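Visitor: I am new to this structure. Could you take me through it in short steps?

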Amino acid sequence: MPEGAPLVRIKVKVNEQTHAREVDPRQLLVEFLRETLELTGTHIGCDTTYCGACTVLLNGRAVKSCTTFAVQTDGGEITTVEGLEKGGELHPLQKAFADCYGLQCGYCTPGFLMSALSLLRENASPTRKQIEKAIAGNTCRCTGYQNIFKAIETAAERMKGAAHGD
């Protein structure tokens, strides 16, 4: 940051905790999460929105944090992969990804989880085509996607009527 450049004060709720910070107006959300808040579950993959490893929820919608500025989130609510687990209990999506072998190296998994959660919050019973469309912005170089589809379908079934609120 050039010397003397003004910082911008933001207030944002991340994983149900409010944070007020001064940030460089050019700081990316992924950097804010990883470096400022030390939430390293959001991964940096490509810096071009291609891979989706940096996907988080902003006001309930999946966004790529590598091309979103932190200042754009002022007043908003962000959920990262760290916010899925509640009270030591994995989220049904996390359980389904493990049970259905929906991950291999795991680098892309946080982004897939967040994109899938955004979908399942809008549509509790998505079709395979709707799942494919919802995760189209996420790339995995290890799997053939079949187990990821199965994991999301399994999570949808498990979440129906669950008291998870997600």
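Predicted model: local features only at pLDDT ≥ 70, side-chain atom pairs only at ≥ 80, totals over all residues.

Visitor: Is Cys108 buried or exposed?
Guide: Buried means under 20% relative accessible area. Cys108 has 10% relative accessibility, so Cys108 counts as buried.

Visitor: What about Cys54: which cysteine sulfur is closest to its own?
Guide: Cys54 is buried, at a relative accessible area of 3%. Its sulfur has a closest cysteine sulfur 3.7 Å away, too far for a bond. The partner in that pair is Cys66.

Visitor: How many disulfides does a search of the whole structure find?
Guide: The cut-off is 2.5 Å between cysteine sulfur atoms. Over the whole structure, the count of disulfides is zero.

Visitor: Which residues lie closest to the centre of the largest cavity?
Guide: The search finds one cavity of 30 Å³ or more. The largest cavity has a volume of about 40 Å³. It is lined by 13 residues. Closest to its centre are Gly102, Leu103, Cys108, Thr109 and Cys140.

Visitor: How many charged residues line the largest cavity?
Guide: Its lining has eight nonpolar residues and five polar ones. The number of charged residues there is none.

Visitor: Now the largest pocket. Which element gives the most to its lining?
Guide: The largest pocket holds about 190 Å³ of space. Strand E1 (8–14), strand E5 (77–79) and H3 each give two or more residues to the lining. With three residues, the element that gives the most is E5.

Visitor: How many charged residues are in the lining of the largest pocket?
Guide: The lining has 16 residues, and among those nearest the centre are Glu16, Glu77 and Arg121. By class, five are nonpolar and five polar. The charged residues number six.

Visitor: How do E1 and strand E2 run, parallel or antiparallel?
Guide: Seven bridges join E1 to E2, which covers residues 17–23. Ile10 stands opposite Arg21 in E2. In the hairpin of these strands, two residues sit between them, and Asn15 takes a positive phi near 50°. The strands run antiparallel.

Visitor: And which residue in E5 is the bridge partner of Val14?
Guide: E1 and E5 are joined by two bridges and run parallel. In E5, the partner of Val14 is Ile78.

Visitor: Is Leu33 buried or exposed?
Guide: Leu33 sits in helix H1 (residues 29–36). Beyond its neighbours within four places in sequence, its contacts include Val14, Val56 and Ile78. Its relative accessible area is 0%, so Leu33 is buried.

Visitor: How far apart are the C-alpha atoms of Leu33 and Ser65?
Guide: Along the chain, the two residues are 32 residues apart. Between their C-alpha atoms, the separation is 8.9 Å.

Visitor: Last stop, Ser118. Which residues is Ser118 in contact with, leaving aside neighbours within four places in sequence?
Guide: Ser118 lies in helix H3, which spans residues 109–122. Ser118 counts as buried because its relative accessibility is 8%. Its contacts beyond those neighbours are Leu57, Gly60, Arg61 and Ala62.

How values were computed. Residues numbered from 1 in each chain as written. Heavy atoms only, no water. Helix = DSSP H or I, 4+ residues; strand = E, 2+ residues; numbered from the N terminus. Buried < 20%, exposed > 50% of the residue type's maximum accessible area, 1.4 Å probe, protein only. Contact = heavy atoms within 4.5 Å. 1 Å grid on protein atoms, 1.4 Å probe; cavity = no way out; pocket = protein on both sides within 12 Å on 5 of 7 lines; lining within 4 Å. Points joined across faces, edges and corners; volume = space filled by probe spheres on them. Nonpolar A, V, L, I, M, F, W, Y, C, P; charged D, E, K, R; others polar. Pairing = 2+ DSSP bridges.
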